[in-house]
2 protein chains.
Amino acid sequence: MIYTAHINIMPLTELLDPQGKAVNESLHSLQLHAIQNVRIGKHIVLSIESDNEENAYNIAKEACEKMLYNAVMEKYSITIDA
Amino acid sequence: MIYTAHINIMPLTELLDPQGKAVNESLHSLQLHAIQNVRIGKHIVLSIESDNEENAYNIAKEACEKMLYNAVMEKYSITIDA
């Protein structure tokens, strides 16, 4: 069966996010002053062929840990859709 | 009240995603052959001060349309958390 994994990779909360800060300021210059705390990360969508959802989650986790995220600067979250 | 908007910006389905394709091939070289169709976009989290959720959604939408996404190559989706 084919599952779809949605992975979010975000800069750690404790770290500065210069890209987010730049976007925050640009949004203010467009008069969108209600917006604060912009943080920018990656959204990765992939298909996984697997017998069950737990196994699909484990494959997505392995992909994150072996390649997709940088443990020093980022955290990840995974959701699996059937 | 402060709402949190989660925005996903992804390359349009009809378009090639060279970054996703490169990651797909690299995951295969790590023996993760169950993974296919990798697509990579942005995940943006921001706080919005607003009276109600509908207004917060509209502010996030305005930020997307004025700045965050490129209509020629990308699509966006917004979810608002209280």
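Me: What makes the interface figure for chain A and chain B a buried area?
Reply: In this predicted model, chain A and chain B bury about 2500 Å² between them. This is called buried area because it is accessible area that the two parts lose on being put together, summed over both. Carbon and sulfur atoms carry 71% of it.

Me: How many residues does each chain bring to the contact?
Reply: Chain A gives 29 residues and chain B gives 29 residues. They count as being in contact because heavy atoms lie within 4.5 Å.

Me: How many salt bridges does the rule find across the interface of chain A and chain B?
Reply: The rule finds zero.

Me: How many residue pairs are in polar contact between chain A and chain B?
Reply: Twelve, with both residues at pLDDT 80 or more. They are called polar contacts because N or O atoms come within 3.5 Å, one able to donate a hydrogen and the other to accept it.

Me: Which element gives the most to the side of chain A that touches chain B?
Reply: β2(A) does, with 15 residues. The residues on that side of chain A divide into 17 nonpolar, seven polar and five charged.

Me: Why are β2(A) and strand β2 of chain B said to pair?
Reply: Strands pair if there are at least two bridges between them. β2(A) and β2 (residues 35–49) of chain B have eleven, in the antiparallel sense, so they pair. In β2(B), B:I44 is the bridge partner of A:I40.

Me: What makes β3 of chain A and β3 of chain B edge strands?
Reply: The open sheet has six strands in the order β3(A)-β1(A)-β2(A)-β2(B)-β1(B)-β3(B), with antiparallel pairing. β3 (74–81) of chain A and β3 (74–81) of chain B each pair on one side only. From one strand to the next, the twist averages 25 degrees.

Me: Which strands does helix α2 of chain B touch as it packs on the sheet?
Reply: Helix α2 (residues 53–68) of chain B touches β2 of chain A together with β1 (2–11), β2 and β3 of chain B. The direction of this helix makes about 155 degrees with that of β3(B).

Methods: Residues are numbered from 1 along each chain as its sequence is written. Chains are lettered from A and ligands numbered from 1 in the order in which they are written. This is a predicted model: local features need pLDDT of at least 70, side-chain atom pairs count only at pLDDT 80 or more; totals for chains, interfaces and linings use all residues. Side-chain values use heavy atoms; hydrogens and water are left out. Buried area is the accessible area (1.4 Å probe) that two parts lose on being put together, summed over both. A salt bridge is a side-chain nitrogen of Lys or Arg within 4 Å of a carboxyl oxygen of Asp or Glu. A polar contact is a pair of N or O atoms within 3.5 Å; within protein, one must be able to donate a hydrogen and the other to accept it, and residues adjacent in sequence count only if both atoms are side-chain atoms. Helices (H or I, at least four residues) and strands (E, at least two) are DSSP runs, numbered from the N terminus. Ala, Val, Leu, Ile, Met, Phe, Trp, Tyr, Cys and Pro count as nonpolar, Asp, Glu, Lys and Arg as charged, and the others, Gly among them, as polar. Axes are lines fitted to C-alpha atoms, for helices over the stretch in contact, and angles run from 0 to 180 degrees between N-to-C directions.
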